[in-house]
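Hi,

Here is the structure I promised to pass on. Have a look at it first, and then read on for what I found in it.

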Amino acid sequence: MSERRVIVYPPSGTGGRRVRIDERMLGTAYSLHDLTAFLRNAGLTGWNELDVVESEWIEWHEGGPEVWRR
């Protein structure tokens with residue numbers, strides 16, 4: 001995983017944040033739970049929400065894991 005880049009984009013006006021791993025868009029997450037599910041489906045089996053919050057591999061734009069709405 002250390003070679004993969006996870007980007008969580010800024011919250012949209014309607015809520016939710018787009019999520020990308022490398023060049024692949026995974027979709028729009030509306031919560032930390034959604035984001036964790038996306039990452040598990042992308043191969044990070046065994047990850048939980050705490051792993052996502054503490055990960056240095058995730059690049060958060062305009063707010064961290066606690067920000068889901070503008």
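How many helices and strands are there in the protein? There are two helices and four strands, where helices (H or I, at least four residues) and strands (E, at least two) are DSSP runs numbered from the N terminus. Starting at the N terminus, the order of the elements is β-β-β-α-α-β.

Before the details, some housekeeping. This is a predicted model, so local features need pLDDT of at least 70 and side-chain atom pairs count only at pLDDT 80 or more, while totals for chains, interfaces and linings use all residues. Residues are numbered from 1 along each chain as its sequence is written, and side-chain values use heavy atoms, with hydrogens and water left out.

Overall picture

For 70 residues, a compact globule would have a radius of gyration near 11 Å, and the protein agrees with that at 11 Å. That radius is taken over C-alpha atoms, and the globule rule is 2.2 Å times the number of residues to the power 0.38. Along the principal axes, the C-alpha atoms fill a box of roughly 30 × 25 × 20 Å.

Of the 70 residues, 40% are buried. Buried means under 20% relative accessible area, exposed means over 50%, and partly exposed is in between (1.4 Å probe, protein chains only). The accessible surface is about 4,300 Å², with 46% of it belonging to carbon and sulfur atoms; the areas come from the Shrake-Rupley method with a 1.4 Å probe, and for residues only the protein chains shown count as cover.

As for contacts (heavy atoms within 4.5 Å), residues 24 or more positions apart account for 41% of those with a separation of 6 or more. On the charge side, there are 9 positive and 11 negative side chains, and the centres of the two sets lie 8 Å apart. Lys and Arg count as positive and Asp and Glu as negative, with His and the chain ends not counted; each charge is placed at NZ of Lys, CZ of Arg, CG of Asp or CD of Glu.

Helix α1

Which residues of α1 are buried? In this helix, residues 32-41, they are Leu32, Leu35, Thr36, Phe38 and Leu39. They sit on the same side of α1 because they cover an arc of only 160° around the axis, the arc being that of the directions from the helix axis to the C-beta atoms. The face turned away from that buried side carries the exposed residues His33 and Asn41.

What do the buried residues of α1 pack against? Their partners are β1 (6-8), β2 (17-21), β3 (24-29), α2 (49-54) and β4 (58-60). Just after α1, glycine 43 takes a positive phi of about 115°.

Other glycines

Glycine 27 lies in strand β3 and is partly exposed, with a relative accessible area of 25%. Leaving aside neighbours within four places in sequence, glycine 27 is in contact with Arg17, Arg18, Val19 and Phe38. The C-alpha atoms of glycine 27 and phenylalanine 38, eleven residues apart along the chain, are 7.9 Å apart.

Glycine 46 is in the loop between α1 and α2 and counts as exposed at 68% relative accessibility. From the C-alpha atom of glycine 46 to that of threonine 36, ten residues away along the chain, the separation is 9.9 Å.

Glycine 63 lies in the segment after β4, and at 28% relative accessibility glycine 63 counts as partly exposed.

Aspartate 22 has a phi near 55°, a positive value in a residue other than glycine. Aspartate 22 is found in the loop between β2 and β3 and is partly exposed, with a relative accessible area of 31%.

Glutamate 62 also has a positive phi, about 55°, although it is not a glycine. Its place is in the segment after β4, and at 60% relative accessibility glutamate 62 counts as exposed.

Cheers
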